[in-house]
Amino acid sequence: MAVNPMIKDRRTGATPAGRGKGGWLAVLEQGANLAQSATPLKGFDVYVVGFHCAKGEPDFQMEAHHFCRVVNGDLLQCVLFDGNTKDANLIGIEYIVSSDLFDTLPDQEKSYWHPHNFELLSGQLAAPGLPEAAEKAFFRLLVNSYGKTWHTWHTSGHDGRPGMDLPYGDPKLMWSFNRDGECDDALRRDRDRAMGLDTDAKRADRQSFLELARPQWGVDDMKEDFSAARPIPGVYDVHAAREPEPGPWR
């Protein structure tokens, strides 16, 4: 994927339908490299990998590789892929906002935004290639943040089915996991093994985030879909929790 040898290549999705590029496309690409600008894509260099499920569809789970640009202190915008190699498929988008910005949204709009505290405190969200101290400092800034995520191409298989070779059907609103036992452990173990990540170690190291974590909207939105899941400290639904404490993105 990149020059950083600490980042291991990862590809998880289906091979797209269609023929090879052919000579004329190779010429077009070379001309574009020489004469055209990719300015809007510059700055999408913050790389994190985690897991999503479709809202209301607990078995529709997949690994998602985020390449993000920091717009300002309250907003990140990310393009999502099913891997980190040059042939990875573009599968969706995610916008990330601080709790300050989230609090300005109408209540109806808030239902589209998933909370991030479990992803951070559980250690499931990782920033491959960053030194541990830098990763922890970055994720500390994301405590209490929210994401709005749409997947347009479902290249990873579910329930034994193959992934799609083209972006069929409607986009899906994706959601975060918010309790232990929600994310398929085989999915998490496969990513950790392939990319050399240690979710349990990251979880232990991030317990200092607990003092910053506030109750969030959406934590309980899929509670009934994962009846056997177990809550963890620091992850509370705003409608069932105590008065929130200040956090870094407040």
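Modeller: What follows goes from the overall layout to strands, helices, a cavity and single residues.

Biologist: What kind of model is this, and how many helices and strands does the protein have?

Modeller: The model is predicted. The protein contains seven helices and seven strands, and along the sequence they come in the order α-β-β-β-β-α-α-β-α-α-β-β-α-α.

Biologist: What share of the residues is buried, and what share of the contacts joins residues at least 24 apart?

Modeller: Of the 250 residues, 44% are buried. For contacts between residues at least 6 apart in sequence, 69% link residues at least 24 apart.

Biologist: Let us take the strands. Which strands does strand 3 pair with, and how do they run?

Modeller: Strand 3 has two partners to look at. Strand 2, residues 57-72, runs antiparallel to strand 3 and is joined to it by seven bridges. A hairpin of two residues connects these two strands, and His-65 sits opposite Phe-81 of strand 3. Strand 4, residues 90-97, is also antiparallel to strand 3, again with seven bridges. In that pairing Leu-80 faces Gly-92 of strand 4.

Biologist: Which side chains of strand 3 are buried?

Modeller: The side chains of strand 3, residues 75-81, alternate between two faces. Leu-76, Cys-78 and Leu-80 are on one face and are buried.

Biologist: How do I read the same thing in a helix?

Modeller: An α-helix has 3.6 residues a turn, so residues three or four places apart point the same way. In helix 5, the buried residues are Glu-135, Phe-138, Phe-139 and Leu-142. Viewed down the axis, they fall within an arc of 95 degrees, so they line one face of helix 5.

Biologist: What covers the buried residues of helix 5?

Modeller: The cover includes strand 1 (46-54), strand 3, strand 4, helix 4 and helix 7 (199-205). Just after helix 5, Asn-144 has a positive phi of about 75 degrees.

Biologist: Which residues of helix 6 are buried, and what do they pack against?

Modeller: Arg-188, Arg-191, Asp-192 and Met-195 are buried in helix 6. These residues cover an arc of only 95 degrees around the axis, which puts them on the same side of helix 6. The buried residues of helix 6 pack against strand 1, strand 2 and helix 7.

Biologist: Is Arg-188 buried or exposed?

Modeller: Buried means under 20% relative accessible area. Arg-188 has 16%, so it counts as buried. Apart from neighbours within four places in sequence, Arg-188 is in contact with Phe-51, Cys-183 and Thr-199.

Biologist: How many cavities of 30 Å³ or more does a search of the whole structure find?

Modeller: The search finds one. The volume of the largest cavity is about 110 Å³. Its lining has 14 residues, and those nearest the centre are Val-48, His-66, Ile-96, His-116 and Leu-125. Strand 1, strand 2, strand 4 and helix 5 each give two or more residues to this lining. Strand 1 gives the most, with three residues.

Biologist: What is the lining of the largest cavity made of, by class?

Modeller: Eight of the lining residues are nonpolar, four are polar and two are charged.

Biologist: Now single residues. What is in contact with Val-49?

Modeller: Val-49 lies in strand 1 and is buried, with a relative accessible area of 0%. Beyond its neighbours within four places in sequence, Val-49 has contacts that include Glu-63, His-65, Leu-125, Pro-128, Arg-191 and Met-195. Leu-125 is 76 residues away from Val-49 in sequence, yet their C-alpha atoms are 5.9 Å apart.

Biologist: Where is Pro-128 found, and what does it touch?

Modeller: Pro-128 is in the loop between helix 4 (117-121) and helix 5 (132-142). With 9% relative accessibility, Pro-128 counts as buried. Not counting residues up to four places away in sequence, Pro-128 touches Ile-7, Tyr-47, Val-48, Val-49 and Met-195. The C-alpha atoms of Pro-128 and Val-48 are 6.6 Å apart, although 80 residues separate the two along the chain.

Methods:
Residues numbered from 1 in each chain as written. Predicted model: local features only at pLDDT ≥ 70, side-chain atom pairs only at ≥ 80, totals over all residues. Heavy atoms only, no water. Helix = DSSP H or I, 4+ residues; strand = E, 2+ residues; numbered from the N terminus. Buried < 20%, exposed > 50% of the residue type's maximum accessible area, 1.4 Å probe, protein only. Contact = heavy atoms within 4.5 Å. Pairing = 2+ DSSP bridges. Arc of directions from axis to C-beta. 1 Å grid on protein atoms, 1.4 Å probe; cavity = no way out; pocket = protein on both sides within 12 Å on 5 of 7 lines; lining within 4 Å. Points joined across faces, edges and corners; volume = space filled by probe spheres on them. Nonpolar A, V, L, I, M, F, W, Y, C, P; charged D, E, K, R; others polar.
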